[in-house]
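Please look over the sequence and the model before reading on.

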2 protein chains.
Amino acid sequence: MDKETLIYGKNAIIEALESGNRTFNKILISNSAHSDSKIEKIKSLAQAKGIVFQFVNIQKLNQLEPGGKHQGVIAQISPVKYVELDDFIEQNRGKLASVVILDGVEDSHNVGAIIRSCVCAGVDGIILPSRRGVLINPTIEKTSAGAINHISIIKVNSLVNAIQRLKENDWWVIASDHHAKDNYYDINYTDINFALIMGAEHAGISKSLLKLSDFVVKIPMLTNFNSLNVSNAAAIILFERCRQILGLKKDRGK
Amino acid sequence: MDKETLIYGKNAIIEALESGNRTFNKILISNSAHSDSKIEKIKSLAQAKGIVFQFVNIQKLNQLEPGGKHQGVIAQISPVKYVELDDFIEQNRGKLASVVILDGVEDSHNVGAIIRSCVCAGVDGIILPSRRGVLINPTIEKTSAGAINHISIIKVNSLVNAIQRLKENDWWVIASDHHAKDNYYDINYTDINFALIMGAEHAGISKSLLKLSDFVVKIPMLTNFNSLNVSNAAAIILFERCRQILGLKKDRGK
């Protein structure tokens, strides 16, 4: 059993089924669940892939997910496969790649939302430290809305070493810190391999990582209420990069 | 008691004390709370303002906030004062103002994060429908990190009527919808009174509101994984507006 994890919530399970990246042991469906189009979709996807689903008492689901957010369906699946940093660097050599490094972000909802934004914004990987912050858990699986199956998740023992490895391989490392002088939108993101470090909401980014960064940027505000949620801050920077890349594509197309 | 509400969490309480916008009845502090700099700050702010604080058993706090997120301190305060839409329009006449309209956003964490981004991005108000979605509750107070005390909260019975009132008063209404043709960054936000409608994560924005909007914009993605968290989507659009406004100020300053 400890080689398995649980995911819950209809969308998270549909995404995991559709991605084909996870091995399903079993899907448990509450026998009192209102059978809507999503439950039907889960059943037909499971059937097509030869995955067992089983109707159980809702108490069984409540026991497995006491937070009450299972929406009547829980899947027992293989855990996320962490990717080695060196493999990630090799896989992305020669293309303009991007990665987000989370330094001590502990709120699972924020990590899940960041993973969603990353996948939308074409980011190739997420680097998580094995000790500082959270690793992938069922809450992250759910709040990522299945995005977790579409991105490389890299777990490292030392963020300092990871950043050094990236720099040795011609990645540019950009840290987000609200004391910075430069603005996030003054960076040209269109022709670099780009690693973005986001820090914990209160503590910010560790000094040792700030020192290693090629650029430190802030998100300038229109008021002195300087307190963005970390997932929102990440989305703002990642989509400025998207805006620049899409603008460039458009210009080239003309 | 029903003219009171509870707020919990150290930062939320410090922000509410500092804003001066809320009337405190009492602050309850756990007598087993580790007295850190934030608890000390709450005590000294309360003392300076003549607000009673009282040490209680942690059980008392757990009873008032069973979610276990009180961080050892809960305040009994006056509820958020909702502002009338017509008053809001009058207060903001003659300046370039902005407001975010939430159409059916039900997750309190998302609403709290959106309020934070709004205050950082200089947005003047939030419009909430009295029936579709959530109204201000302790989870929103906490996740807004006190931002709620720095913005007008407008509760309306009908979003259709509210949008019509805004349009009659020369506000431009922009809806975010991922089926749109135009991109959010193709709008010039620097010289308009700007109302942004954000919809529920799955249902999106009601058709009746889309029809009333002056512009419908999408956030273009670099992949076909089209599933941003609603608070992240709001932050991306609001900070594009910031970027444009700050860019303009810089150009004028030259």
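## A pair within the sheet

A:Ile29 stands opposite A:Phe55 in β3(A). Strand β2 (residues 24-30) of chain A and β3(A) run parallel and are joined by four bridges. Strands pair if DSSP finds at least two bridges between them; helices (H or I, at least four residues) and strands (E, at least two) are DSSP runs, numbered from the N terminus.

This is a predicted model, in which local features need pLDDT of at least 70, side-chain atom pairs count only at pLDDT 80 or more, and totals for chains, interfaces and linings use all residues. Residues are numbered from 1 along each chain as its sequence is written, while chains are lettered from A and ligands numbered from 1 in the order in which they are written.

## The whole sheet

The open sheet has four strands in the order β1-β4-β2-β3 (chain A), with mixed pairing. β1 (5-8) and β3 (53-56) of chain A are at the edges with a single partner strand each, so one side of each lacks a neighbour in the sheet.

## Helices across the sheet

Helix α1 (residues 10-19) of chain A lies across β1, β2 and β4 (73-77) of chain A, at about 35° to β4(A). Helix α2 (residues 37-49) of chain A lies across β2, β3 and β4 of chain A, at about 150° to β2(A). Contact requires C-beta atoms, placed from the backbone, within 7 Å; axes are lines fitted to C-alpha atoms, for helices over the stretch in contact, with angles from 0 to 180 degrees between N-to-C directions.

Just after α2(A), A:Gly50 has a positive phi of about 65°.

Definitions and conventions:
Contact = placed C-beta atoms within 7 Å.
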